[in-house]
Structures are given as structure tokens and as C-alpha cells.
Amino acid sequence: PVLVVDFGAQYAQLIARRVREAGVYSEIVPHTATAEEIAAKSPVGIILSGGPSSVYEEGAPSVDERLFDLGVPTLGICYGFQVMAQALGGEVAQTGLREYGATDATVVTEGTLLQGQPPEQNVWMSHGDQVARAPEGFDVLARTAATPVAAFANDARRLYGVQWHPEVRHTDHGQAVLENFLHRAAGLPADWNSGNVIAEQVEKIRAQVGSGRVICGLSGGVDSAVAAALVHKAVGDQLVCVFVDHGLLRKGEREQVENDYVASTGVRLVTVDARQQFLDALAGVSDPEQKRKIIGREFIRVFEAAEADLVAEAAADGEPIRFLVQGTLYPDVVESGGGSGTANIKSHHNVGGLPEDLQFELVEPLRTLFKDEVRAIGRELGLPEVIVARQPFPGPGLGIRIVGEVTADRLEILRDADAIVRAELTKAGLDAEIWQCPVVLLADVRSVGVQGDGRTYGHPIVLRPVSSEDAMTADWTRLPYDVLARISNRITNEVREVNRVVLDVTSKPPGTIEWE
Ligand code: XMP
């Protein structure tokens, strides 16, 4: 792989994704990794990421400097560029001049790194210190008004650096810089793609699972759907999937899984209809936290009961279930501190007669992948677009989109309104602009309206369209008025008990995306 050395900012994951977009597999390692640990991964290239720090700060993150003697092509970016300059005998200065955001850069010499780049270009900067003098043996490739050394290269040692951020879209020719480094300087071919990933994962799953049986819980979301499809491709009917219908799903979701997904993958599916069990458990409860707890608890109960049945059935067959599929993604792995071993987890509590020491070994075929890559693989595997392109939907489902008690009747109302919103947003071509659009029923609120000749006293529906990168922060999406008008008309005409549609115009923070 190409190793991206993480200095603790958000940039490392973005760099890793851009490298993969260039068709080269990449992984992230912490900056505390030693040169031996890095060499053990047989890197074909190394990229030092940007970071939050100044190299002058007390305790500023650094790298094992022997890294530069491994003979591996290396690119330093922003803070990584400065770390590199300092380690190799250049000079980093605190001049008090700062550059943030769009900056004009002038290419002095193209070299390999900036080959084919325009002489003047717009780059994205975020730094306080500057490289004042390049290390011995390095050519200066670019400068800016504030920075005499904005990019450098030592072609003989294949060491390179740029002060700006080539990984962000605001840098006009950023991806070309990364591609020059990967393809020209390091000589790496662009041969990493969905097809190869599938082939590689299928091999790995077969090696891990052998003839063992595997179980997977499907949520209807992208990750579990793609993970299960990969495992099925690898081991066929050794896999059985469990889908819990808790009655808090949106219109058509159960059918999408039972019909479209099963038809396109051929997985063996067991659906558990637990709608009544959830309604009973939620009766009389309107506190959001309590609702979440109840839904989580019931979900585990239902899943474990189904699991126990299947385990018993398989054991009677003489082939016990030993593996559990999880749709863990690479960002979760990186954020929880990395680690590449296969974890062994103990199954939840002993419900439904599971033996005390029953353990499943985890199968996690998406552990090295980012979300957009998971979607690409899902498409390559022929999964239905309604599942592959699905926007985020919370585990507790519509249960936390009814403000007030959850009842069968209220779920029906909300499902109808939500289906209209989704259909109209899709028809208007807005799905790609919207991160997600919760539709919320204010079940404890009534307002007066007039319909036909009569007075109505119905409930409001709230539209909560948001734009976001990662759900940590979000802004409300400025939907076109005519789309809002159509949605409002249709909901008030077609959904009983609803006589008002309102728009949530709160960003996050201070409002969360969901209402509960
Ligand atoms: P909030 O409301 O905290 O939501 O701004 C952030 C993102 O998380 C989703 N969400 C959940 N997802 N289980 C989930 O799997 C949950 O309990 C849950 N609660 C919120 C929400 O839809 C948004 O994308």
C-alpha cells in the first residue's frame, strides 16, 4: 500500500481516499509508527499528512526520521512538508506571515511532481510557519507571496513536498499533483478498483470461513447489505441473513430487502416480524431517550432469539454457526485506533438458550473501505439502487420521528408523509444535494385548519432537509419553493390527520439533525 502518516488532523482520511481515487490502494498509519513498523508493511509510497500543529510547538508530533532513508518515494503535505524539511536539514521559520484559504502559487520548476501544471495556480493553504530554505540537494518547485519554498523535490532520493493541500477540491490542480507523485515519481500503476477489491475480499472471506456457517443481520442500510452480498458471493448458502421488521421502517423498505435485495443477491433471508412486540414495548412512552433504549433493547432480544433458532438448527445439521458478519467501515477502524487483527466478540446476553460461552468470530469485509467505495462495490455486485444509494436512516427508525407516543396509527401517517417527501425530492433530482431529510410528525401538537367547508384540527409534519459532509455539522438545505409547495400540497391532500407542513430552518449546531 501507499501509507498515509496521520498527524492527527482530519486530512489523513481525505488523502487516503484521493490516493484510492487515483487507483492506488492506501492505508493510514499513526505518526508514532517506527521506521521498522512502516517498512514491515512494505509500502510502495509514503505520504505525510497535514496536521494541526506548528513544528515549534511543545510536543509537536514528529516522525521517525529514519523513514526518509527507507528508499520509499515520499511526499510531505503542509505540516508533513515542514516536518520533512526540518528532518532533512532545511529551515522552517516562524515569520508571522500566515496563509489561509485560496492562495496564488507560482511554479518555478515543474520537475516530476508539478509536471504539466500551469505556471500560476490557485491552491488551498492553511499554515502559520514557512519553509524558509529547502534541504540540501532539493530543488524549489514553487513559491507564493508569503512562502519562498512552497514545494520542493529531490528526484534522486524520490522525496517531495508541497505546502498546500493537494487533497482538497479547492486546490485547482491538486489531484494532478497526487497523481504525478503516485504514477510518475513512484511509478505506481492505477490498478486498484471495485472489481479487484471484490475478488480480493472473496478470497479472504473464503480463507477465513472455510466450510463454516455465517450469520448476518441486515438493517436495510448500505453497509450490512454490501457486506452480506460479499460474503454470499464468497461462501453462498453457508450464509444466512436475519432481517428484523420492527414496524419503524419506512414505506417499502421491508419489500426492498425481501424482494429486490434477495432477488439480486440470492441470499437466504429470515425475516422476523416483530411489529407488535415493538408497539407493545413502546406503548405509553414519549420520552426520546426512553424510546431509544426500548427500541435498542427489543432489537437485541428479537435478533438473539432468531439467532438462537438458527444456531440450534445449524447445530442439529452438524455445521454450527461460527461467524458473524459486521459492516464495519474503515473510518470506524481508524478512529478507534487502527488495529488489523480479527476481533473476537462475545455474543450479547444469553437470551433464547444460547450456551454460556458461545462466541462468533467476526467477518468484516468492509474494514478497509470508505463509504463511497462500499457504494461502488454494491453497484458492481448488482445491488438495487434503492439500497446502494440510500441516505442515512437512524437505527430506531420512525420511532424517533414521532414526537410523542408511537402508535400504529401514527406510524401509518408518518410513513405516508415520508413516502411523498422522498418521491418528490427524487423527482426533482435533489437526492445528491441532500444528506438526508427526516420527516417528523408532531403527534402531540394540533392546529386549526380549514379543508373543504370544514374546520380541521390536525397534526403538523416537519420537513428537515439537511446538507452535510459527515452529520457532525449540518446546514438546512435551501429547497426550491416549488418543490416545497408540491410536497406541502400533496401531504395535506393525501395524508389524513395532517393539515399543516412546516420547514425546519435550523443548522446543526444548535439543532441536531433528528428531532429526538
Ligand atoms: P443527530 O440527530 O445526532 O444525527 O444530528 C446525526 C446522524 O445520526 C443519525 N442517527 C442515528 N443513527 N442510530 C443510528 O444508526 C441512532 O440511534 C441514530 N440517531 C441519529 C441521524 O439520522 C443523522 O444521520
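What percentage of the 516 residues in the protein is buried? In this predicted model, buried residues make up 40% of them.

**Figure 1. Overview of the protein.** The predicted model contains 14 helices and 24 strands. Its C-alpha atoms fill a box of roughly 80 × 65 × 40 Å along the principal axes. Of the contacts between residues at least 6 apart in sequence, 74% link residues at least 24 apart.

**Figure 2. The open sheet of 9 strands.** The strand order is β2-β1-β3-β4-β11-β10-β9-β6-β7, and the pairing is mixed. Strands β2 (26-30) and β7 (120-127) stand at the edges with a single partner strand each, so one side of each has no neighbour in the sheet. On average, neighbouring strands are turned by 25° against each other, direction ignored. Strands of a sheet pair through backbone hydrogen bonds, in either the parallel or the antiparallel sense.

**Figure 3. Parallel and antiparallel pairs within the sheet.** Strand β1 (residues 2-6) runs parallel to strand β3 (residues 45-48), and 4 bridges connect the pair. Here V2 stands opposite G45 of β3. Strand β6 (residues 99-107) is antiparallel to β7, to which it is joined by 8 bridges; D104 faces N122 of β7 as its opposite residue. Strand β6 also pairs with strand β9 (residues 139-144), again in the antiparallel sense, over 3 bridges. In that pairing A105 stands opposite T144 of β9.

**Figure 4. Helices α1 and α3 lying across strands of the sheet.** Helix α1 (residues 11-21) lies across β1, β2, β3 and β4 (74-77), and runs at about 160° to β2. Helix α3 (residues 79-87) lies across β1, β3, β4 and β11 (159-162), at about 120° to β4.

Figure 5. With 18 C-beta neighbours inside 10 Å, R158 counts as partly exposed.

**Figure 6. The largest nonpolar core, with 129 residues.** Helix α6 (residues 222-235) gives the most to this core, contributing 10 residues. The residues with the most contacts inside the core are V214, C216, V226, A228, V231 and A417. Leaving aside residues up to four places away in sequence, A228 touches C216, L218, L239, C241, V267 and V325. Nonpolar side chains tend to be buried together in soluble globular proteins.

**Figure 7. The shell around the ligand.** The surrounding residues are P392, P394, G395, P396, Q436, A471, K508, T512, I513 and E514. By class, 5 of the shell residues are nonpolar, 3 are polar and 2 are charged.

**Figure 8. Cis peptide bonds at P509 and P510.** K508, one of the residues surrounding the ligand, is joined to P509 by a cis peptide bond with omega of about -15°. A cis peptide bond also joins P509 and P510, with omega of about 10°. P509 lies in the segment after β24 (498-503), and P510 is found in the segment after β24 as well.

Terms used:
Residues numbered from 1 in each chain as written. Predicted model: local features only at pLDDT ≥ 70, side-chain atom pairs only at ≥ 80, totals over all residues. Near = placed C-beta within 6 Å. Nonpolar A, V, L, I, M, F, W, Y, C, P; charged D, E, K, R; others polar. Pairing = 2+ DSSP bridges. Helix = DSSP H or I, 4+ residues; strand = E, 2+ residues; numbered from the N terminus. Axes fitted to C-alpha atoms, helices over the stretch in contact; angles between N-to-C directions. Contact = placed C-beta atoms within 7 Å. Core = buried A, V, L, I, M, F, W, Y, C linked by C-beta atoms within 7 Å. Buried ≥ 20, exposed ≤ 12 C-beta atoms within 10 Å, placed from the backbone.
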